[in-house]
Amino acid sequence: MATWRPTGLLVTAMLLAVAAEAWFAVGMARPVPALPSWAFVPLTVGCAVRTCHGVTTAPGIAPGAARFWRHVGIGVALIGLAAVSNAVDVFRGVVAPQHIGPLTAGIYLAGLAELLWGLLRIPGARRTRGEWLRFGLDSATVLVTVVTFAWHFWFRNWAEWSGGNAAGTRAVMALAACGLLCAFAFVKVAFTGTGPLDRRALYLLALTGGLGGVGGAMVPATLADKPYLNGTPIVLPITCLVLCFAADRQRRAAGVVSPPPARRRRPGLVPYLAVFATCVLLLIDARDGGDDVFAVAIGTVVLALLVAARQATALREVVEYQDTLAWQATHDALTRLPNWWRLTQYTSEALNNGGQVAVAVVDLDDFKAINDDLGHVVGDALLVAAAVRLSELCPPDGLVARLAGDEYALVFPAAGEVPALLTLGEVAVGLRRPLSAQGHQLVVEASVGVAVGARDEGDAEELLRRADVAMYAAKERGKGRQVHYEPRMDQRGAEQSRIAAELRVALDTGQLRVFYQPIVRLDDGRPVGVEALVRWQHPERGMIRPDLFIPAAERTGLIVPVGHWVLAEACRQAAQWRREFGPDALQYVSVNVSPRQLREAGFAGRLREVLRCAGLAPANLMVEVTETAVFDGGSALDELREVQRFGVQVALDDFGTGHSSLGLLRTCPVDVLKVDKSFVDRVTEAGEHSVIAEALIGISDGLRLRAVAEGVETAEQAEALRRLGYRYAQGYHYGRPVPAAELVSLTAALR
């Protein structure tokens with residue numbers, strides 16, 4: 001919020017108010033002409049109206065706030081018009097100086113009604129039917145109490161002050177009561193929900209209504225013996241000055257969104273204070289009515305207080321229960337962060353306030369592995385620790401919420417792309433610091449998707465959806481990435497969703513096929529095994545490449561059932577070959593296992609069941625995993641050790657392209673290294689590629705591992721690899737992936 005500086009309008013309003021009150025002080029000492037005091041009224045009202053108009057055009061002002069301040073400006077203008085009407089009536093002798101005519105009263109009431117109407121149209125002040133009923137009852141309580149006290153204290157000077165003008169007297173009383181009612185309404189809304197309005201500006205508005213109401217109520221007691229003075233030129237300049245301060249406060253708060261204060265709701269005290277004050281008034285008046293009247297009054301007061309106390313106790317329990325339900329509806333029980341509902345509400349408020357709003361969706365990488373390895377108690381503790389860390393890193397005007405599982409969201413109001421990315425960079429660094437969870441010091445990374453938008457670019461849910469799309473794009477690019485939303489991501493996401501839906505149908509209707517590519521010995525070219533590769537035979541689009549549907553399967557989780565089907569089909573086919581060809585059958589079939597498959601709890605047990613159902617020995621199966629699947633260890637590494645323990649071979653696929661290949665060889669159970677095609681393509685040339693290929697075969701030999709060169713496409717590459725010491729290879733030079741029926745003739749030709 002901008003620092004307060006006195007503006008020309010504020011200074012003018014202050015000088016006019018000081019001059020008006022100084023003239024009033026002189027009038028209290030001796031009779032003075034009335035015209036100078038009335039001259040201050042239109043000037044101060046003009047300052048107030050002009051200040052309210054400045055708020056409606058302030059940069060960043062929310063539409064709801066601008067609409068409200070337009071209502072305030074119109075209401076004040078009407079009140080100023082009523083004051084001018086009153087002055088005309090006074091100088092024409094139509095009414096006494098301290099009374100008002102029916103036209104003036106009507107304009108005053110129209111101005112107050114305009115203020116209340118603007119208050120009721122605040123977006124954050126919209127209420128249910130029951131809340132409206134309670135609001136109306138509280139307002140009626142205030143009104144009745146004010147009228148009761150005003151009538152009691154004014155009645156003593158009624159004959160002297162009214163001067164026979166009962167209608168004008170009642171009008172002044174009504175206006176004073178309505179002014180206090182406005183003050184109560186502003187305070188009520190400030191405490192229960194301000195929408196896009198500044199809370200302190202509403203308090204100043206409440207002070208404006210209170211000054212007007214109290215000032216009007218004090219006229220009979222203060223000015224009864226000074227008929228040449230009128231209350232309007234005294235009260236209105238002060239109320240307009242406070243109104244100018246309220247409008248200036250709102251102008252400086254334009255575009256700033258702050259979460260509502262964590263204020264515990266309490267039963268409303270207004271009705272009880274009204275009952276107590278009226279009881280006191282009753283006892284004071286009953287003292288002069290005799291012992292019987294005073295005794296009845298005491299009994300009535302005691303009964304009223306007992307009933308009020310009983311109701312207050314019951315109401316407190318109801319309010320506490322409502323508070324609990326309201327908190328549960330807007331917060332996550334585990335982390336105590338705001339939930340999705342509160343997040344969308346807050347984001348909508350930020351968008352309505354204008355300017356750009358940044359939203360980030362944060363997903364903890366490999367949380368499932370931590371949950372599986374260390375248990376749900378540690379997992380829940382980690383989620384709580386991450387929530388605390390994110391709350392510490394979030395700017396004061398931002399909001400952190402938990403979406404679901406290990407996903408969080410951060411909202412930065414009035415923030416552009418660059419400030420949001422800088423803040424998220426600090427968040428990423430902060431998350432890498434160890435988090436304490438049930439005695440474990442855990443280091444986590446997060447995939448972050450960022451979207452920035454304004455009110456005219458979509459609603460809160462659309463902005464959150466874009467951030468979620470960007471987060472999934474970050475996950476596809478690797479761990480610990482931060483990706484900003486781009487429109488083309490929607491096209492890709494929609495395409496992947498369509499492919500995933502069709503893939504589900506393909507899996508259920510038998511459209512998937514398993515093709516096999518031979519793995520051969522380099523010295524004689526004889527096949528020793530095959531790699532099983534999934535293909536999709538679409539009934540309309542023909543054969544679909546794996547690179548088009550495997551990413552969609554990975555993103556949606558379909559890779560798990562698809563991978564299980566490929567395993568079962570490959571094992572069934574390998575067992576059939578062994579039954580048909582006996583000793584001449586291929587030694588093994590190799591099947592790719594995705595990281596998501598491997599992280600599924602119980603993978604090793606399901607694999608053992610697949611082998612049993614197919615009738616295939618574990619030694620005749622090899623599973624291929626990528627370095628990223630086992631880089632972080634955890635449950636994936638445990639499942640892989642169990643797989644190797646019961647006799648299945650393990651191959652590390654695309655070896656040499658990961659970020660910690662050599663370190664993995666010490667921890668990961670490996671039998672075969674599959675050297676990536678990128679090191680084979682230029683192995684016939686002198687330089688770094690042949691050096692790396694030679695180093696990799698040296699590593700595999702030293703660790704007593706078999707090395708298979710992938711992507712061999714020419715006889716020259718095969719010969720160069722053989723000279724370097726490679727004994728196994730696969731690639732188009734030996735055969736493309738083919739269906740099982742064609743593999744027999746292909747392997748026969750290779751033999």
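**Ground rules.** I number residues from 1 along each chain as its sequence is written, and I leave hydrogens and water out, using heavy atoms for side-chain values. Since the model is predicted, local features need pLDDT of at least 70 and side-chain atom pairs count only at pLDDT 80 or more, while totals for chains, interfaces and linings use all residues.

**Aromatic pairs.** I searched the whole structure and got three aromatic pairs. My cut-offs: rings of Phe, Tyr and Trp (its six-membered ring) pair if their centres lie within 6.5 Å, with planes under 30 degrees apart counted as stacked, over 60 as edge-to-face and the rest as tilted.

Next I looked at Y516 and W577. Their ring centres are 5.2 Å apart and the planes are at 70°, so this pair is edge-to-face. Y516 is in strand β8 (residues 512–521) and W577 in helix α19 (residues 559–581), so the pair ties together parts 61 residues apart in sequence. Helices (H or I, at least four residues) and strands (E, at least two) are DSSP runs, numbered from the N terminus. Y516 and W577 are both buried.

**α19 again.** Which helix packs with α19 at about 35°? I found α21 (residues 603–614), with the axes 9 Å apart. Axes here are lines fitted to C-alpha atoms, for helices over the stretch in contact, and angles run from 0 to 180 degrees between N-to-C directions. On the α19 side I listed contact residues including H564, L567 and C571, and on the α21 side F603, L607 and V610 among them (contact means heavy atoms within 4.5 Å).

**α1 and α2.** I then took helix α1 (residues 8–29) and helix α2 (residues 35–56), which pack at about 155° with axes 9 Å apart. The contact includes L16 and W23 of α1 and F40 and L43 of α2.

**Around α23.** In helix α23 (residues 635–645) I found buried residues including L637, L640 and V643. Just after α23, G647 has a positive phi of about 105°.

Key: Buried means under 20% relative accessible area, exposed over 50%, partly exposed in between (1.4 Å probe, protein chains only).
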